[in-house]
Amino acid sequence: MLDLMLLIQAPVPALTEPASRIGGAPLADGDRVWPHCARCDGPMQFLGQLRAPGAKSAAGHLVTMFMCQNNPGMCEEWDAEAGGNAVWIQPARAGSLLAAPTRGVTRLASSYGLEAVAVTASGYDDAFGEWRAKHGADGRRAMGGLFGEPSWIQADETPACDACRQPMRFVAQLEEGPDMNFGGGCAYVFDCACGADRGKMVWQQ
Ligand SMILES: [Zn+2]
Ligand SMILES: [Zn+2]
């Protein structure tokens, strides 16, 4: 059996708090600037941020995810290395929100909070299925999971860290949201035990 946390749809938290949510504007530490796509040069879309309870500190860290949606399907936004998505790893602390650039597809239309609910299951798919069976179609939706192990749709695509070159640590698996598109599949998000401030994301369908 595996300990993991399901990410359950919840009310939107205060935007300046380092809480897990999809949509809105990103909390940004220090002098971070809005990421741009390496393929089309347009500003990426902010997907959301996940609070990962921490190996590095009790407060944990914040995993902030972006993906290019200026030309959906044309910027290899599913690939961990192509520069069509971006993941920041930053300290989990309250801060200021980064304003989106005025051009490009930068914001999701919808936003919701994500509450992490600890479960024990044989894996992500079981945990997900059990939640759905127990809470029904009208219950709060499971939108993904934190930690545990990735449930790959295709082959294992665990990326290597740019800083230390080691295989990265799996942080989260995300389901598609109301206007967040992973080609009908799932996104997989990684950070690194070395403390690199750049995470990676890959999605499969
Ligand atoms: Zn692009
Ligand atoms: Zn590393």
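This is a predicted model: local features need pLDDT of at least 70, side-chain atom pairs count only at pLDDT 80 or more; totals for chains, interfaces and linings use all residues.
Local features need pLDDT of at least 70 and side-chain atom pairs count only at pLDDT 80 or more, while totals for chains, interfaces and linings use all residues. Residues are numbered from 1 along each chain as its sequence is written, ligands are numbered from 1 in the order in which they are written, and side-chain values use heavy atoms, with hydrogens and water left out.

**Exercise 1.** Determine which protein donors hold the zinc ion (ligand 1) and what geometry they form.

*Step 1.* Donors are N, O and S atoms within 2.8 Å of the metal (3.2 Å for Na, K and Ca). The SG atoms of Cys37, Cys40, Cys68 and Cys75 lie 2.3 to 2.4 Å from the zinc ion.

*Step 2.* Angles among the 4 donor atoms are 99 to 116 degrees, and the site is tetrahedral (four donors, all angles between 85 and 135 degrees). The ideal tetrahedral angle is 109.5 degrees.

*Step 3.* The donor spacing in sequence is C-x2-C-x27-C-x6-C. Cys37 lies in the loop between β3 (27–28) and β4 (45–52) and Cys68 in the loop between β5 (61–67) and β6 (85–91), so this pair ties together parts 31 residues apart in sequence (strands are DSSP E runs of at least two residues).

*Step 4.* Cys37 is buried at 3% relative accessible area, and Cys68 is buried at 1% (buried: under 20%, 1.4 Å probe, protein chains only).

**Exercise 2.** Describe the surroundings of Pro35.

*Step 1.* Pro35 is placed in the loop between β3 and β4 and is buried, with a relative accessible area of 10%.

*Step 2.* Leaving aside residues up to four places away in sequence, Pro35 touches Pro43, Met44, Phe66, Ala86 and Trp88 (contact: heavy atoms within 4.5 Å).

*Step 3.* Pro35 and Gly83 are 48 residues apart in sequence, with a C-alpha to C-alpha distance of 9.7 Å.

Conventions
Four donors count as tetrahedral if all angles lie between 85 and 135 degrees; four count as square planar and six as octahedral if opposite donors are over 155 degrees apart and all others between 65 and 115; anything else is irregular. Helices (H or I, at least four residues) and strands (E, at least two) are DSSP runs, numbered from the N terminus. Buried means under 20% relative accessible area, exposed over 50%, partly exposed in between (1.4 Å probe, protein chains only).
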